[in-house]
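Here is a short report for a reader new to this structure. Look over the sequence and the model first, then read on.

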Amino acid sequence: MRLRHLSLRDFRSYSEAEVDLTEGVTTFVGLNGQGKTNLVEAAGYLASLGSHRVSNDAPLVRFGAERAFVRAAVVRDSRETVLELEIVPGRANRARVGRSAATRPRDILGTLRTVLFAPEDLALVKGDPGERRRFLDELLVARQPRWAGARSDYDKILKQRNALLRSAQPVLRKGSRGGTLTPEEAVSRETTLDTLVEWNTHLAAVGASLVYARLRLLRDLAPHVASSYDEVSAGRSEARLTYVSSLPEAVAHRIADGEVPEREELEKAFHQAFEEMRQREIDRGVTLVGPHRDDVTLTLGELPAKGYASHGESWSFALALRLAAFHLLRNDLKTDPVLVLDDVFAELDAGRRERLAAMVADAEQVLITAAVAEDVPDALSGRTYYVTKGSVSAEEADAAPLTESGTTSGSPADATSDDGGADHDCRRRRQPRGRVHGRPDDARGTRREFGGGTRDVCCRGRPPDGSPSGVGSRSTGCRRTRVPSGVSTHASKPTRHGHTRRAQRTRRTQRSRPAAARQQHEATARGPRMECRCRRGHRDVTVGRSRRTGCRGPRLSRQLRERNSHGTGGVDGVGDPADLACVDDHPVDRAGRR
Amino acid sequence: MYEGVVQDLIDELGRLPGVGPKSAQRIAFHLLEADEDDVRRLAEVLLRVKETVHFCEICFNVAESNLCRVCADPQRDTTMICVVEESKDVVAIERTREFRGRYHVLGGALNPIEGIGPGDLHVTELMARLGDSTLTEIIIATNPNHTGEATASYLARQIGPMGIKVSRLASGLPVGGDLEYADEVTLGRAFEGRRVFA
Ligand SMILES: [Zn+2]
């Protein structure tokens with residue numbers, strides 16, 4: 001299948017966008033923060049009803065707008081279906097398939113299917129169990145949309161059961177510890193325990209179905225993962241997946257050995273677990289068994305990938321999981337899902353880039369986003385769109401953003417309007433006035449050649465020639481170009497510096513910061529005041545507080561802060577580039593390079 | 001906080017279901033600005049509804065006297081009781097004219113999140129009605145969602161040992177639905193409740 005047309009309204013940084021798409025490869029080129037990822041994010045949302053970047057809908061709606069619209073024309077077997085989705089944060093979204101009346105969003109699942117690769121995928125290998133559970137469940141739904149219903153039923157029943165365990169806690173506890181109960185407490189305890197049976201029954205039924213479905217999925221997926229791993233890493237490594245069940249040991253062992261027990265057997269195991277865990281569940285007030293506590297262990301040969309695999313191997317595994325999903329869906333559907341490669345090539349070494357490219361080149365439709373066209377291997381040549389400041393065009397913009405003069409003309413509202421979607425290039429903003437790096441007509445900017453391939457200038461104050469030239473030496477030499485210049489920015493590109501944990505935390509709490517709140521904060525901020533270095537017009541930002549005020553620009557280095565507090569430093573902070581640092585406190589070297 | 005009676009009004013309104021503090025404030029100020037006649041009419045209807053409308057002593061359906069229209073009707077079949085969550089469900093079933101028995105309104109469904117247990121529903125009263133020797137069947141017609149299902153299986157377990165037939169309203173695929181998109185649970189229920197054609 002493929003997308004023929006995608007249109008957005010008030011989605012992320014786009015007030016309006018219309019994009020025609022064709023078979024084969026389409027690449028969206030644009031510097032970070034310009035909105036290229038937002039395009040593929042919208043496509044992904046239509047396919048899975050979720051974003052791969054944020055867990056709530058609020059950041060998806062353009063700042064100041066009430067709702068966002070995403071519409072797509074999907075072609076499968078030369079039949080076209082139009083999907084429409086209205087995203088209203090805090091309320092039920094509305095959807096439409098073809099010319100039918102508005103339906104539940106769930107009903108559009110299955111019309112468009114995508115497999116999306118993103119920098120965040122590294123968390124599949126290195127992150128918490130929740131990442132892997134989400135991968136399985138999303139694939140389950142992509143394969144058979146009806147699982148979306150079971151998934152949400154499970155969550156609802158689980159919440160009820162947890163609420164019951166909690167509400168019954170004091171009463172139940174007293175009884176089970178052998179204390180004496182008053183007559184009322186005895187009655188209350190009895191009725192509470194009585195209804196727990198009901199929730200057990202329903203949770204076991206839906207939970208067993210889910211576990212059973214996951215196990216069958218895993219069984220079908222495993223061979224694809226092994227072969228994809230070997231292909232993408234150009235070796236033989238025995239990449240395996242093992243389901244780690246929270247059910248009682250007898251069943252869990254068989255599951256770990258790759259067996260898929262019958263659904264009824266799983267349901268019995270649930271009841272047994274509820275019986276065995278009763279005391280602990282009552283003490284903790286949460287349900288301790290079920291698909292929400294399970295995990296999938298990824299192993300390479302004999303060792304678990306998490307903790308043992310190198311950075312490169314971890315990437316191979318993450319790619320293998322997505323590629324396996326692609327092959328599985330391709331086999332199931334008798335048509336290719338739309339393949340989306342969101343900014344992944346920049347993460348990979350040359351070998352993996354080329355091999356990944358070769359493996360996906362034959363897909364019906366491939367959508368790629370990249371900061372620079374050179375990131376994309378030649379095997380994936382096709383149509384290119386240029387994305388600049390929330391507009392998409394087939395022509396490359398003449399005025400490269402690198403020539404930005406660094407004036408403070410941007411309004412604060414402007415600064416927040418692309419919040420969340422933005423991964424700003426702090427390199428630009430850190431340049432002292434009048435200093436322009438790179439040729440203005442060359443979007444590659446400060447990229448340098450070294451170490452046998454194009455490498456980006458290090459953001460951590462290490463000039464390229466100073467960083468170990470080795471491939472994959474991420475721990476010693478940072479290779480990233482696009483330094484996100486703020487907290488929310490980091491959240492959207494979590495794996496760049498391996499800040500996965502923080503990024504996840506931030507992603508959960510992330511929301512666009514209302515201008516009013518920011519102004520209020522600025523008004524109450526203490527300490528010496530100065531003009532914000534980010535050049536977005538945040539006047540009077542307290543030194544060192546830019547993170548709190550919502551400014552995502554670089555903040556002053558510690559030295560300058562100290563100098564300021566001693567009253568010796570220039571208040572505008574301009575002068576010595578060494579005084580400037582991005583929010584990660586990566587110092588800037590004397591030449592203004594990172 | 002507002003002064004005296006205004007705050008009292010906001011507090012009272014805030015106790016209504018579905019009315020948060022902000023809505024309560026909005027409604028309160030709307031009432032303050034409204035014509036006195038309109039407010040008086042609202043106050044009177046509130047009082048009248050409390051004075052004249054009762055809940056049926058037998059089935060807890062809304063009634064204008066001690067018994068509801070159904071319970072007061074001697075023509076109704078006394079062998080069957082249909083158990084529903086709310087009075088509005090009685091109205092819905094009555095509209096179909098399929099059911100000639102009597103009802104029992106629980107006043108909600110089991111919902112631990114909202115702190116609703118069996119003690120908060122008219123379960124004891126239902127059990128008391130089961131002593132009637134003419135009764136042969138209980139039809140449980142709680143909503144086909146997770147709280148309704150939990151309530152249904154709870155009731156079935158309570159009534160089962162008493163030797164009275166318990167049935168559940170069939171739930172399954174919606175008319176105009178598509179099998180591929182029916183979720184696991186719905187499809188499972190539809191299978192359980194399948195009918196024999198020949
Ligand atoms: Zn009645």
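## A pair within one helix

R41(B) and D38(B) sit three residues apart in helix α3 (residues 36-52) of chain B, so about one helical turn separates them. This is a predicted model. The side chains of R41(B) and D38(B) form a salt bridge, with N and O 2.9 Å apart. R41(B) counts as exposed, at 54% relative accessibility. D38(B) counts as partly exposed, at 36%.

## Chain A overall

Chain A has 17 helices and 20 strands. Of its 594 residues, 56% are buried. Its accessible surface is about 24,500 Å², and carbon and sulfur atoms account for 47% of that.

Take the contacts in chain A between residues at least 6 apart in sequence. Of these, 68% join residues at least 24 apart.

## Two bridges between helices of chain A

Side chains of opposite charge can pair when their charged atoms come close. R214(A) and D137(A) form a salt bridge, and their closest N and O atoms are 2.9 Å apart. R214(A) belongs to helix α5 (residues 183-233) of chain A and D137(A) to helix α3 (residues 129-143) of chain A, so the pair ties together parts 77 residues apart in sequence. Are these two residues buried or exposed? Both R214(A) and D137(A) are buried.

R143(A) and D220(A) also meet in a salt bridge, at 2.7 Å from N to O. R143(A) is in helix α3 of chain A and D220(A) in helix α5 of chain A, and the pair links parts of the chain 77 residues apart. R143(A) is buried, with a relative accessible area of 18%. D220(A) is partly exposed, at 27%.

## Other salt bridges

Over all chains, the count comes to 34 salt bridges. In chain A, E66(A), R67(A), E86(A) and R94(A) are linked in a network of salt bridges.

## Where the chains meet

How many residues of each chain are in contact? From chain B there are 19, and from chain A 24. The area buried between the two chains is about 1,900 Å², with 61% from carbon and sulfur atoms.

One salt bridge is found across the interface. It joins the side chains of R157(B) and E198(A), at 2.8 Å from N to O. Eight residue pairs are in polar contact between the chains. On the side of chain B that touches chain A, α7 (146-159) and α8 (184-192) of chain B each give two or more residues. The largest share, eight residues, comes from α7(B). That side of chain B divides into nine nonpolar, five polar and five charged residues.

Methods
Residues are numbered from 1 along each chain as its sequence is written. Chains are lettered from A and ligands numbered from 1 in the order in which they are written. This is a predicted model: local features need pLDDT of at least 70, side-chain atom pairs count only at pLDDT 80 or more; totals for chains, interfaces and linings use all residues. Side-chain values use heavy atoms; hydrogens and water are left out. Helices (H or I, at least four residues) and strands (E, at least two) are DSSP runs, numbered from the N terminus. Buried means under 20% relative accessible area, exposed over 50%, partly exposed in between (1.4 Å probe, protein chains only). Contact means heavy atoms within 4.5 Å. Accessible areas come from the Shrake-Rupley method with a 1.4 Å probe; for residues, only the protein chains shown count as cover. Buried area is the accessible area (1.4 Å probe) that two parts lose on being put together, summed over both. A salt bridge is a side-chain nitrogen of Lys or Arg within 4 Å of a carboxyl oxygen of Asp or Glu. A polar contact is a pair of N or O atoms within 3.5 Å; within protein, one must be able to donate a hydrogen and the other to accept it, and residues adjacent in sequence count only if both atoms are side-chain atoms. Ala, Val, Leu, Ile, Met, Phe, Trp, Tyr, Cys and Pro count as nonpolar, Asp, Glu, Lys and Arg as charged, and the others, Gly among them, as polar.
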